[in-house]
Amino acid sequence: MLITTKDEVLLLPNKIEALFDYLITRFDTEPKSRLHIGEAMGCWLYYTALAEEIPVLESALNTTTDNVLIELLKDGTKLGINQKKILGEFMIKEGVALPDISGHKPNSDPNSVPLGVKATDIEIANLISAKVATNIVMCSSNISQCIRSDIGLMWIRFHSEKAIYGMDVKTKMREHGWIKVPPYYYPPGAPNN
């Protein structure tokens, strides 16, 4: 399926939500063993990553005036809060202790932040990109360790949500010249154009 418009991208999360609702009902009858140590550790690490990511995104919101970055940061914060809530409720239900986490950052005026501590827009954009890439890798690792289908579906859902968000981040980074591209590879004997 080729996505061609912004409206189609906005509809994608709703379609993914419907798919996961179906899959959850399909696999809900499977027996649920206790979490094994890998599943519990994956939950704990991802929860911690989200809990520490949210205040960082909030700090970045306090240092930029760029409307595109503000939108990306708000979307990333909202997604992180939602995933953290879902995962936290699951962990409590399964008896996995929640880690100590940082608190939310208060709103402040980006124009009042001293230049010596203010992140640039390119730094913020690349920070978001790195966080998304890390989250996707963590979800992939957690998917591969799951034995229980319900947990596997949760990780696939989180992975899909972060991948969709990451595509939006990458597109906007490219449009604004924020993306850092590694050197191009020219294999031996390839034309030099």
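Modeller: Contact here means heavy atoms within 4.5 Å. Helices (H or I, at least four residues) and strands (E, at least two) are DSSP runs, numbered from the N terminus. The model is predicted, so local features need pLDDT of at least 70 and side-chain atom pairs count only at pLDDT 80 or more, while totals for chains, interfaces and linings use all residues. Residues are numbered from 1 along each chain as its sequence is written, and side-chain values use heavy atoms, with hydrogens and water left out.

The chain has 5 helices and 0 strands, in the order α-α-α-α-α from the N terminus. Of its 193 residues, 36% are buried (under 20% relative accessible area; exposed is over 50% and partly exposed in between, with a 1.4 Å probe and protein chains only). Among contacts between residues at least 6 apart in sequence, 81% join residues at least 24 apart.

The helix to look at is H2, residues 37-61. The axes are lines fitted to C-alpha atoms, for helices over the stretch in contact, and angles run from 0 to 180 degrees between N-to-C directions. H2 passes H5 in a left-handed crossing, meaning that the near helix is turned anticlockwise from the far one by less than a right angle, whereas clockwise would be right-handed. On the H2 side the contact involves Glu 39, Gly 42, Cys 43, Tyr 46, Leu 50 and Glu 53, which meet Ile 151, Met 154, Trp 155, Phe 158 and Lys 162 in H5. These residues divide into 7 nonpolar, 1 polar and 3 charged (Ala, Val, Leu, Ile, Met, Phe, Trp, Tyr, Cys and Pro are nonpolar; Asp, Glu, Lys and Arg are charged; the others, Gly among them, are polar).

Next come the rings. The structure holds 3 aromatic pairs. Rings of Phe, Tyr and Trp (its six-membered ring) pair if their centres lie within 6.5 Å; planes under 30 degrees apart count as stacked, over 60 as edge-to-face and the rest as tilted. Tyr 46 and Phe 158 have ring centres 5.8 Å apart and planes at 20°, so this pair is stacked. It links distant parts of the chain, with Tyr 46 in H2 and Phe 158 in H5 (residues 149-176), 112 residues apart. Trp 155 and Phe 158 form an edge-to-face pair, 5.7 Å centre to centre with 85° between the planes. Tyr 46 and Phe 158 are both buried, and Trp 155 counts as buried because its relative accessibility is 1%.

Leu 50, also in H2, counts as buried because its relative accessibility is 0%. Leaving aside neighbours within four places in sequence, Leu 50 is in contact with Gly 80, Gln 83, Lys 84 and Lys 162. Lys 84 is 34 residues from Leu 50 in sequence and 6.3 Å away in space, C-alpha to C-alpha.

H2 also packs with H4 (residues 121-145): their axes come within 10 Å and cross at roughly 170°. That makes H2 roughly antiparallel to H4. This crossing is left-handed.

Notes
Parallel < 35°, antiparallel > 145°, perpendicular 65-115°, else oblique.
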